[in-house]
Amino acid sequence: MEEFLGMLDRLPEVRQGDGGEWVSLKVRGKGFGYLWERTETVGLKATIEEQMALVAERPEVFEVQFTAGRFGWVVVHLDKIEPDELFELVTEAWCLTAPRPMVEAHEAAHGIGHSV
């Protein structure tokens, strides 16, 4: 749980909000994830294609949460996923939600998506 929350510090302008049963994860007021400490799961925004692929590939780790528009939210069981893969999914959820200029600045600063 603490390791997951620490990952959020690596992404710009992430804000946590108390939702009672969960902690909401937002960037510039828009949600990209939820943490349920009681069940040790995280709900993350993804594309519908990725949601379906993750759940089909490893149903013991991922489950469908819901779909909204062109996004498919996926539940991740934190005790069944490696930290690097989890951070990649969190980053993708953040990138789907953050304003494009912020995403581009973050990617440029970290050499993501650019051939060197």
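Predicted model: local features only at pLDDT ≥ 70, side-chain atom pairs only at ≥ 80, totals over all residues.
The model contains an open sheet of 6 strands, with the order β1-β2-β3-β4-β6-β5 and antiparallel pairing. At its edges lie β1 (14-18) and β5 (62-68), each of which pairs on one side only. Averaged over the sheet, neighbouring strands are turned by 20 degrees against each other, direction ignored. Helix α3 packs on this sheet and touches β1, β2, β3, β4, β5 and β6 (71-77). The direction of α3 makes about 150 degrees with that of β3.

Strand β2 has pairing partners on both sides. With β1 it pairs in the antiparallel sense over 5 bridges, and β2 (residues 23-27) also pairs with β3 (residues 30-36) in the antiparallel sense, again over 5 bridges. Ser24 takes part in both pairings: Ser24 is the bridge partner of Gly17, and the bridge partner of Ser24 in β3 is Tyr34. Strand β2 is mostly covered, with 4 of its 5 residues buried.

In the hairpin of β2 and β3, 2 residues lie between the strands, and Arg28 takes a positive phi near 50 degrees.

**Salt bridges**

The structure holds 3 salt bridges.

| Pair | Distance, N to O |
|---|---|
| Glu13 and Arg28 | 2.8 Å |
| Arg38 and Glu21 | 3.8 Å |
| Glu85 and Arg58 | 2.6 Å |

Arg28, already named for its positive phi, forms a salt bridge with Glu13. Glu13 lies in the loop between α1 (2-8) and β1, and Arg28 in the loop between β2 and β3, so this pair ties together parts that are 15 residues apart in sequence. Glu13 counts as partly exposed because its relative accessibility is 33%. Arg28 is exposed, with a relative accessible area of 53%.

Arg38 and Glu21 meet in another salt bridge. Because Arg38 lies in the loop between β3 and β4 and Glu21 in the loop between β1 and β2, the pair ties together parts that are 17 residues apart in sequence. Arg38 is exposed, and Glu21 is exposed as well.

The side chains of Glu85 and Arg58 also meet in a salt bridge. This pair links distant parts of the chain, 27 residues apart: Glu85 is in helix α3 and Arg58 in the loop between α2 and β5. Glu85 has a relative accessibility of 24% and therefore counts as partly exposed. Arg58, at 25% relative accessibility, counts as partly exposed too.

**A buried lysine**

Lys45 sits in the loop between β4 (41-44) and α2 (48-57). Lys45 is buried yet has no salt bridge. The nearest side chain of opposite charge is that of Glu50, 12 Å away; a salt bridge requires a nitrogen-to-oxygen distance within 4 Å, so Glu50 does not qualify as a partner. The side chain of Lys45 does make a polar contact, at 3.3 Å, with the side chain of Thr97.

Leaving aside residues up to four places away in sequence, Lys45 touches Gly31, Phe32, Phe71, Gly72, Trp73, Ala93, Leu96 and Thr97. Among these, Gly31 and Phe32 fall within β3 (residues 30-36). Phe71, Gly72 and Trp73 fall within β6 (71-77), while Ala93, Leu96 and Thr97 fall within α3 (83-97).

Ala98 counts as buried because its relative accessibility is 8%, where the limit for buried is under 20%. Not counting residues up to four places away in sequence, Ala98 touches Val27 and Val103. The C-alpha atoms of Ala98 and Gly29 are separated by 9.3 Å, although the two residues are 69 residues apart along the chain.

How values were computed:
Residues numbered from 1 in each chain as written. Heavy atoms only, no water. Buried < 20%, exposed > 50% of the residue type's maximum accessible area, 1.4 Å probe, protein only. Lys, Arg positive; Asp, Glu negative; His and termini not counted. Polar contact = N/O pair within 3.5 Å; in protein donor to acceptor, adjacent residues only side chain to side chain. Contact = heavy atoms within 4.5 Å. Pairing = 2+ DSSP bridges. Axes fitted to C-alpha atoms, helices over the stretch in contact; angles between N-to-C directions.
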